[in-house]
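Me: Hi! Could you walk me through this structure in plain words?

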Amino acid sequence: MKGGRKAQPSALHEGQIVASFGRRFLVELADSFTLDCVTRGRRSTLACGDRVTVARSAQGQGVIEAVAPRATLLYRSDRARQKLVAANVTQIVIVVAPVPAFDEDLVNRCLAAAEHGGIAALIALNKVDLPQAPAALASLELYRGLGYRLVALSAKRDLGPLVSHLKGKTSVLVGQSGMGKSTIINRLLPAAAVRVAEISAALDSGRHTTTHTRLYHLDEASHVIDSPGMQLFGLHHLEGPELADAFVEFRPWLGQCRFRDCRHMSEPDCAIAAACGKGTISARRLASYRGVMRERKKERDS
């Protein structure tokens, strides 16, 4: 044809995002070949674990054209933005440790996000060989009483207690820096060569060693996503009723307060507060819920 042949559109390929680096993504195709991909425009609402359609753009590179509907999505948020953690996961593993001391409020927020997202939750207490472990385990018994699974392990010695919970699932590891997530990945998959940093005892916090989210295959049916350490887990996307429902022990009492729009803060005849007074609801959990509610109010008023 005059003027030469029209360029043919690039063939489209189905794949899964196995690593997220801000606006760049590694996409694994069905033949296990990996493409370094970008999105069209400034779109960055993609997460590790997303199933996508890509077009090759150059040797080893591609452009993400579409994303398939997600079965689940774990994310956190503040007033300004949402931070996607992982997509299409079936389980969140909240990794905690006695040293550095874990933040129970962060655990509660992760559990609330999992409940809201329809994702099963597991709490993994790492470093049980440390002398501070018995006290940490005792404090976590609260969550076993709420129906959450709790495992105790020493990732450097024996991953057995955790491995059985990973079989047949797509799990995302979340938690503060220094809890041992990278050590767990290193032991599960030595070839991953995840760098593990020393713990800063003076600051009682770990240094951030994972700077991006990455998906690893344990076997054909079992996958693990490692995420960067986090110190905050915003729940700005949860409205008051959604947040209350995400605290599982609140559910039997919801709708029983004097006021239909009760926020369970300081309103009179609040069924949640009454249950807490009788010991049916943990004061620690109610304090965590109220902390999120105060945070949301502060964000709205500022």
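Reply: Happy to, and we can go through strands, salt bridges and a helix pair in turn.

Me: Great. What kind of model is this, and how are residues numbered?

Reply: This is a predicted model, where local features need pLDDT of at least 70 and side-chain atom pairs count only at pLDDT 80 or more, while totals for chains, interfaces and linings use all residues. Residues are numbered from 1 along each chain as its sequence is written, and side-chain values use heavy atoms, with hydrogens and water left out.

Me: Which strand does β1 pair with?

Reply: Strand β1 (residues 12-21) is joined to strand β4 (residues 51-58) by five bridges, and the two run antiparallel. Strands here are DSSP runs of E with at least two residues, helices are runs of H or I with at least four, and both are numbered from the N terminus. Two strands pair if DSSP finds at least two bridges between them.

Me: Which residue stands opposite H13, and what is on the β5 side?

Reply: H13 stands opposite V54 in β4. V54 also stands opposite I64 in β5. Strand β4 is antiparallel to β5 (residues 61-67), with six bridges joining them.

Me: What happens in the hairpin of β4 and β5?

Reply: Two residues lie between the strands, and G60 takes a positive phi near 75° there.

Me: What is S20 in contact with?

Reply: Leaving aside neighbours within four places in sequence, S20 is in contact with F25, C48, H212 and T213. Contact means heavy atoms within 4.5 Å.

Me: New topic: how many salt bridges are there in the whole structure?

Reply: A search finds 15 of them. A salt bridge is a side-chain nitrogen of Lys or Arg within 4 Å of a carboxyl oxygen of Asp or Glu. In general, side chains of opposite charge can pair when their charged atoms come close.

Me: What does R284 pair with?

Reply: R284 forms a salt bridge with E104, and their closest N and O atoms are 2.4 Å apart. R284 lies in helix α7 (residues 283-301) and E104 in helix α1 (residues 104-117), so this pair ties together parts 180 residues apart in sequence. R284 is partly exposed, at 36% relative accessible area.

Me: And which residue does R109 meet?

Reply: R109 and E295 meet in a salt bridge at 3.1 Å, N to O. R109 is in α1 and E295 in α7, so the pair ties together parts that are 186 residues apart in sequence. R109 counts as buried at 9% relative accessibility, whereas E295 is partly exposed at 30%. A network of salt bridges links D105, R109 and E295.

Me: What about E115?

Reply: The side chains of E115 and R251 meet in a salt bridge (3.0 Å, N to O). E115 is in helix α1 and R251 in the loop between α5 (240-246) and α6 (271-277), 136 residues apart.

Me: Last one: how do α1 and α7 pack?

Reply: They pack at an angle of about 75°, with their axes 10 Å apart. Axes are lines fitted to C-alpha atoms, for helices over the stretch in contact, and angles run from 0 to 180 degrees between N-to-C directions. That makes α1 roughly perpendicular to α7; angles of 65 to 115 degrees count as roughly perpendicular.

Terms used
Buried means under 20% relative accessible area, exposed over 50%, partly exposed in between (1.4 Å probe, protein chains only). Angles under 35 degrees count as roughly parallel, over 145 as roughly antiparallel, 65 to 115 as roughly perpendicular and the rest as oblique.
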